[in-house]
Amino acid sequence: MKEASAELLFWNESTWETNHSVVTEFILIGLSDSRELQIFLFAFFFVFYVGIVFGNVLIVITVSNDSHLHFPMYFLLANLSFIDLCVSSVTAPKTIADFFYTRKVISVKGCFTQIFLLHFFGGSEMVTLVAMAFDRYVAICKPLSYTTIMCGNVCVGIVVTAWGIGFLHSVSQLAFAVSLPFCGPNKVDSFYCDLPRVLKLACADTYRLDIMVIANSGVLSVCSFVLLIISYGIILLTIQRRPSDRSSKALSTLTAHITVVLLFFGPCIFIYAWPFPIKSLDKFLAVFYSVVTPLLNPIIYTLRNTEMKTAMRRLRQWNLNFWVKS
């Protein structure tokens, strides 16, 4: 009888230790268990990431080196391209590498670092898109005051503010999450770490933190999106009321801006603000946000902007001349 009691006590202690052991790493479930589909996804992520690096770096170099593009709109565009490159680089390289492994793991510190960087760059991009809308509003609705309002110091201040707000947004998201205990389940149902999924694994009541995430990321995304749509609506009405030779060019630029806004805020709103999450849809939107949108942004801005295409041709010609001379 005593031996049976001792064995039962030992079993209970072992079970308690197993269920309350400190988690040191998370297992990423990924996108699919199918080997054939993983090969396709590897090729998809690899090709898109190479395109992201090439496209966004090309925009940054073109804007930096071409004096014809030293204007506020292109300065903000170069900052947006750099942020897109950073956002994709937080998740894409590890995701590509993970396709070679059956067991996809990430340390707890690495997981929270990924979350911090995602929200840091995401918050910065949100503010940058709002700043680009303000730039177009001033250029179209107050053209005589444009050079005064959007001077060099203001542009630099906008970029610094965007990065500062991104940092504060990310810190506010993680301030309480990093101290949560993780002692049991450690499987993240995604191909990268994101706060809503990681919070579900904590061995504590995370109801207040869930509300904070919705208030911080969800409401901020929705409010910014509505503000941008209203701003672009006012700009479009102004273009209709003041038809001129430049109206078609302004309309083309606005179309590119609005498209990028929809591509960025659509996934954010569904992931952080939608009250009825669907796992398959969330994963699709996560892929779209991490590798599709950062690739589409440079394509949209390049194809719909004559000045960018002309500047890239000048850059290509300069490179050809340089190699011929050398």
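# A guided tour of a predicted helical chain

In the protein chain, residues 24 or more positions apart account for 79% of the contacts with a separation of 6 or more. Contact here means heavy atoms within 4.5 Å. This is a predicted model, in which local features need pLDDT of at least 70, side-chain atom pairs count only at pLDDT 80 or more, and totals for chains, interfaces and linings use all residues. Residues are numbered from 1 along each chain as its sequence is written, and side-chain values use heavy atoms, with hydrogens and water left out.

**Stop 1: the whole chain**

Show the chain as a cartoon. It has eleven helices and three strands. Helices (H or I, at least four residues) and strands (E, at least two) are DSSP runs, numbered from the N terminus. Their order along the sequence is α-β-α-α-β-α-α-α-β-α-α-α-α-α.

The accessible surface comes to about 17,800 Å², and 69% of it belongs to carbon and sulfur atoms. Such areas come from the Shrake-Rupley method with a 1.4 Å probe; for residues, only the protein chains shown count as cover. Of the 326 residues, 45% count as buried. Buried means under 20% relative accessible area, exposed means over 50%, and partly exposed lies in between (1.4 Å probe, protein chains only).

**Stop 2: the annotated segments**

Look at two of the ranges. Residues 112–134 are 100% helix and 0% strand, with end C-alpha atoms 33 Å apart. Residues 218–239 are also 100% helix and 0% strand, and there the end C-alpha atoms are 32 Å apart.

**Stop 3: helix α6**

Select residues 152–174. This is helix α6, with 23 residues. From first C-alpha to last, α6 reaches 34 Å, close to the 33 Å expected at 1.5 Å a residue. The expected span is 1.5 Å times one less than the number of residues.

Which residues of α6 are buried? Colour C155, I158, V159, A162, W163, G166, H169, S170, Q173 and L174 to see them. What covers these buried residues? The cover includes α3 (72–98), α4 (108–141), α7 (195–199) and α8.

**Stop 4**

Move to α8, residues 207–241. Show the side chains of Y207, I211, I214 and V219. They form a nonpolar patch on the surface, with about 380 Å² of accessible area together. Patches are made of residues with over 30% relative accessible area and no salt bridge: like charges are joined within 9 Å, nonpolar side chains (Val, Leu, Ile, Met, Phe, Trp, Tyr) within 5 Å. V219 is partly exposed, with a relative accessible area of 43%.

**Stop 5**

Is S221 buried or exposed? S221 is buried, at 2% relative accessible area. Beyond residues up to four places away in sequence, S221 touches M126, F265, C268 and I269. The C-alpha atoms of S221 and M126 are separated by 7.9 Å, although the two are 95 residues apart along the chain.

Next, click C268, in helix α9 (residues 247–272). C268 is buried too, with a relative accessible area of 6%. Leaving aside neighbours within four places in sequence, C268 is in contact with S221, A273 and Y289. A286 is 18 residues from C268 along the chain, and their C-alpha atoms are 8.9 Å apart.

**Stop 4: the salt bridges**

How many salt bridges does a search of the whole structure find? It finds six. A salt bridge is a side-chain nitrogen of Lys or Arg within 4 Å of a carboxyl oxygen of Asp or Glu.

Select D66 and R314. Their closest N and O atoms are 3.0 Å apart. This pair links distant parts of the chain: D66 lies in the loop between α2 (35–65) and α3, and R314 lies in helix α11 (residues 306–325), 248 residues apart. D66 is buried at 8% relative accessibility, whereas R314 is partly exposed at 34%.

Then find R136 and D135. Their salt bridge has its closest N and O atoms 2.8 Å apart. R136 is buried at 13%, and D135 is buried at 1%.

Finish at D194 and R197. Here the closest N and O atoms are 4.0 Å apart. D194 is buried, at 0% relative accessible area. R197 is buried as well, at 12%.
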